[in-house]
Amino acid sequence: MLEAILLGADQLFTFTTMLTMLVGVTVGVIAAAIPGFTITMAIVLTLPLTFTMPPLQGVSTMLAVYIGGYTGGMISAALLGIPGTPSAVATTFDAFPMARNGEPGRALALGIWASFFGTLISTLVLIAAAPPLALIAVKLGAWEYFSLVVFALTIVASLVGRSMVRGLFAGLLGLLIATVGADPLMGVTRFTFDLRLLSAGIPFLVVLIGIYAVSQLLKEVENPDQVQKGRQLITGRIEFRPFSALREVLKNPINLLRSSMVGVFIGAVPGAGGSIANLLAYDQAKRGSRHPEDFGKGCSEGVIASESGNSATSGGGLIPMIALGIPGSAVDAVLMAALMVHGIGVGPRLIMDNADTVYGMFMAMFVAGAMMLVVCLLSMRLFLKVTNIPKSVIVPVVLTCCLVGAFTLNNRVTDIYLLLGIGLVGYIMTKLDYPLAPLVLGVILGPIAETNLRRALMTNEDWTLFFTRPISAVLLGLAVISIALAIRYHLRQNRPRPEDA
């Protein structure tokens, strides 16, 4: 083992590898900060560049892009209210209000440190517990996956805002949007009304960009006088104090550790991903907080939970890939392809046959996390200058980036029309005080729930298996408890106070 570690370190700590990793982290941060340009897209574009590199250098470079991307998504989430990646959706809930309250530097600093510690914790868990956690993850069948998604859907109950009815309606609307287009198993089109516009379905990223970006931009130009006067998106004195934010993050050790472990577990479940971890970590932080009423108003606990949760999936996703050869996400599948291109077999014997490469990857995770921290701390003052750009400039520029991002997803002009239409729907919903988060959650989890429900029933028509299989039963039980606690919380919030009587 010691020999493998030293050999991996010898391959990793070279000038060229460190340089390509630094470039990879920077590219990941910048790419993820652009709405619509996902981490997966950045990784796929990086893959061909690694073919001429040694195996460990190529994989380490891609890991650097991966880790940088998870942090970069929160930049536009905090400054513009637009999640740069799907894994930064929950970050907008508190980071953007914090920025609007005149503290964009604090929001970014909290996100950076939370991402760093999330990556660090997930890497430690990856090294210590890869085989046992991978064995648990691989034992999950379609019944357990469906129950896990049902549990995740209960997050809707804590994201409904002031009205549970409106929040549930938004969540159901998201589930409805997810059913439009081709059936996930049979490929039969449905709910398209014979419209060519809907024949290919409504891509999740189009929904995400439209519901957050376009609707937010429409809100920014409501007042033409402010636009003409060149008013900025965020007003007030802009300060960036990273070490003050570090102390604030370290004052929330339970929240940080819990959110990171949620990210590790969700990352280890194949197909779950950072978007679910981001929302689930935020939900658990809100439930465990002494001041849940502060969430959604610029609460530091919310920023810490969401960013540590999504970043921790980077290490969690590698657990089933390294131990069993099963990719935890699309990004992990690309990493597997990179190893296979270099002639390295991925599977249960990976650690035994290529121990130096595996331990080199472990060390690369630590190095990439440290590089991400340094790059972000040094560049955030530059990103904060976005707040000095007047609305008349930044709104058309961001809208153009969103349109280009929507088009490049599938090279379809119809996606641009869908983007604008969904953005208008999102704007109307915000005006009517309907929360947007449940809609996005429904779009994310709807296809996963449907696919696994149908797979389970196709395998065995006995529906009682959802309650008799132990892990599935536990997850459904947690879902019931989660809903009960959320209803109790909302009843207490809406109960008239003695002083109001």
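Student: How do the axes of helix 3 and helix 4 cross, and within what distance do they come?

Tutor: In this predicted model, the axes of helix 3 and helix 4 (residues 55-79) come within 9 Å and cross at roughly 160°. Axes are lines fitted to C-alpha atoms over the stretch in contact, with angles from 0 to 180 degrees between N-to-C directions.

Student: Why are helix 3 and helix 4 called roughly antiparallel?

Tutor: Angles over 145 degrees count as roughly antiparallel. The crossing is at roughly 160°, and therefore helix 3 and helix 4 are roughly antiparallel to each other.

Student: What puts the buried residues of helix 3 on the same side?

Tutor: The buried residues of helix 3 (residues 39-46) are Ile39, Ala42, Ile43 and Thr46. They cover an arc of only 100° around the axis, which puts them on the same side of helix 3. The arc is taken from the directions from the helix axis to the C-beta atoms.

Student: Why does Ser306 count as buried?

Tutor: Buried means under 20% relative accessible area (1.4 Å probe, protein chains only). Ser306 has 0% relative accessibility, so Ser306 counts as buried.

Student: Which residues does Ser306 contact, leaving aside neighbours within four places in sequence?

Tutor: Ser306, in helix 14 (residues 300-324), is in contact with Ala90, Thr91 and Asn278.

Tutor: Residues are numbered from 1 along each chain as its sequence is written. Local features need pLDDT of at least 70, side-chain atom pairs count only at pLDDT 80 or more, totals for chains, interfaces and linings use all residues, and side-chain values use heavy atoms, leaving out hydrogens and water.

Conventions: Buried < 20%, exposed > 50% of the residue type's maximum accessible area, 1.4 Å probe, protein only. Helix = DSSP H or I, 4+ residues; strand = E, 2+ residues; numbered from the N terminus. Contact = heavy atoms within 4.5 Å. Parallel < 35°, antiparallel > 145°, perpendicular 65-115°, else oblique.
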